[in-house]
Amino acid sequence: MIEPSSPGTGPAIAQSSPLPAADVVVELSGVSKVFGLSGGRAAGGTVEALTGIDLAIHRGEFISLIGPSGCGKSTLLRLVGDLTSTTSGTVAVNGKSAERARLDRDYGMVFQAPVLFDWRSVQKNVELPLEIIGRSKAEREAKAREMLDLVELSDFTDHQPWQLSGGMQQRVAIARALAVDPAILLMDEPFGALDEMTRERMNLELLQIWDRTGTTVIFVTHSIPEAVFLSTRVVVMSARPGRITKVVPIDLPRERSVDTRELERYFELVTEVREGLRAGEGGAGLAPAARVRAEGLSA
Amino acid sequence: MTALAASEQVAAKRGWSVGAQIREWLPAIAFFLGALLAWELLVRLLGIKQFILPSPVAIANAVVTYFPELWQSASYTLVEILLGLAIGVVAGILAGIVTARYGAFRESILPFAIAANSVPIIAFAPIFNNWFGIDKQLSKAMIAAVICFFPVMINTVRGLTSASPAAIELMRSYAATDAQVMRKVRIPTALPYIFTALRVATTLATIGAIIGEYFGAPKVSLGQYIVTYSSYLNFERSWAAIIFACAIGIGLYIAVVLAERLVAPWTGDRVTRAG
């Protein structure tokens, strides 16, 4: 279950920022990110990865960030997770700074690679974050078992990570991310390395997990069908500089299954996202788009 | 699957079952025995003089006949090797940890360590004998220690700094302390690197101690035993001492391999998987 929101924990912060809408979990305002500022400022020394990002994410939402390579979608995710810092603008998570939220262990992270440790069994890998926050042995074991049950790997607790398939390893990574009951699950192309069949199965499983935990999910992907199938909203981004060009609300029935992929509305939404991507690439809106086209950026 | 079944599966994968192990070693054992036989036959058929190449039987005879003094010499030298290994490995790991921890050290000291690693440190043996006493075990131990130090230090630094950026970010997302990152990620990542260096170090320490003894040591030492009986043209006795030196080298190597299986069992798995 989702942790109850705790507005009482940070009165000082609550004062400084006018009370956000009760269910806004992540609020990005005017966020930009420029790489290479600290080094020499020779021509071409800096890259504007993100510019003018405004986005509010509500409790329990499943947000997908989609866009071409280099549009800064991973950077945006890392900004929210405080793995990198903004150049300007603010990131507020539950009314706190991203750093405060990280130190409060509000995040669960899943990367493209599962990043499991060979010197730990599957069970011990899931226990790792619980060890770090100092939970007791009994508590760790129970929680890890519960999480492995959630991702349907109860029979593999004593296996070593390398004995599992890629999809199973990624499920361990998800179990590990969920072990600390994070308010927000940040996923950076978690299924990007999997084959199409496995990926579709993982999508379904992820939705079931999301249903059962109520966690807010921010999900970076290259795949339009994946984004539409999973999300409550798809955030379409374009590159150079990275910015949000379109937000597509996904009004598919909440209960999704293999049949969802055959709904007419599903195809319409896939088309809408695809057109959004193409518009961002082709020149709708901002001035640099023409240059992007001239440089021959391909989808 | 039960834990027991899983561990059996792991054991089988590593070839730990005795039967499989012997079958695996059979070709090597056959080759070894064949080479000994060829050696013996060659010496007899070609009538090679004893002072050029003693036959395996003659060497085996010398091992049996002079066993007590060979044993005593080997024990003396083994103490030097173990002491040298202990000093070199402990110092190397500590220096590696400090160097890996502080970027400034990594940039200033590591290049020198790598350069020093390619210097023939054994050339300093007479000087070490002079510093620490030609008839003292410490002088040979120090040669062994210095030879071991650099590869251990360099591999410790490499191991500690080779944790994947994703693993470090994962720990950051958990708001883990530096000490936790060290204990739970960096050190386990470094262990295979350190054990690789330890395997090399056992060989280097054995070489260092024995060559050090060539330049001067009490009579009851493997190095002096080899030198003395070579000068008397009693080569089968030199060869007998060399057999002891080989046994020490191989024994230490095996000890490190076994320790690695105990302390870092996943490294073998990783090799299996990569292969």
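**Entry 1: a helix pair in chain B**

I started with two helices and noted that α4(B) passes α12(B) in a right-handed crossing. I'm keeping in mind that this is a predicted model. I looked up the residue ranges: helix α4 of chain B covers residues 67-101 and helix α12 of chain B covers residues 235-263. Their axes come within 10 Å and cross at roughly 40°. Because of that angle, I wrote down α4(B) as oblique to α12(B).

Next I asked myself which residues in α4(B) and α12(B) meet. On the α4(B) side I found B:Leu70, B:Ser73, B:Ala74, B:Leu78 and B:Ile81. They meet B:Ala240, B:Ala241, B:Phe244 and B:Ile248 in α12(B). Sorted by class, this contact has eight nonpolar residues, one polar and no charged ones.

**Entry 2: where A touches B**

I then turned to the two chains and found 21 residues of chain A in contact with 20 residues of chain B. On chain A's side, α3 (98-103), β6 (107-110) and α4 (122-132) each supply at least two residues.

**Entry 3: domains of chain A**

I checked the domain assignment of chain A: domain 1 is 18-106 + 184-283, and domain 2 is 118-181. Taken over C-alpha atoms, 26 Å separate the centres of these two domains. Their contact takes 11 residues from domain 1 and 10 residues from domain 2. Which helix gives the largest share of domain 1's side? I found helix α7 (residues 196-213) of chain A, with five residues. Domain 1's side divides into seven nonpolar, two polar and two charged residues.

Technical notes. Residues are numbered from 1 along each chain as its sequence is written. Chains are lettered from A and ligands numbered from 1 in the order in which they are written. This is a predicted model: local features need pLDDT of at least 70, side-chain atom pairs count only at pLDDT 80 or more; totals for chains, interfaces and linings use all residues. Two residues are in contact if their C-beta atoms, placed from the backbone, lie within 7 Å. Helices (H or I, at least four residues) and strands (E, at least two) are DSSP runs, numbered from the N terminus. Domain bounds come from an automatic or database domain assignment. Ala, Val, Leu, Ile, Met, Phe, Trp, Tyr, Cys and Pro count as nonpolar, Asp, Glu, Lys and Arg as charged, and the others, Gly among them, as polar. Axes are lines fitted to C-alpha atoms, for helices over the stretch in contact, and angles run from 0 to 180 degrees between N-to-C directions. Angles under 35 degrees count as roughly parallel, over 145 as roughly antiparallel, 65 to 115 as roughly perpendicular and the rest as oblique. A crossing is left-handed if the near helix is turned anticlockwise from the far one by less than a right angle, and right-handed if clockwise.
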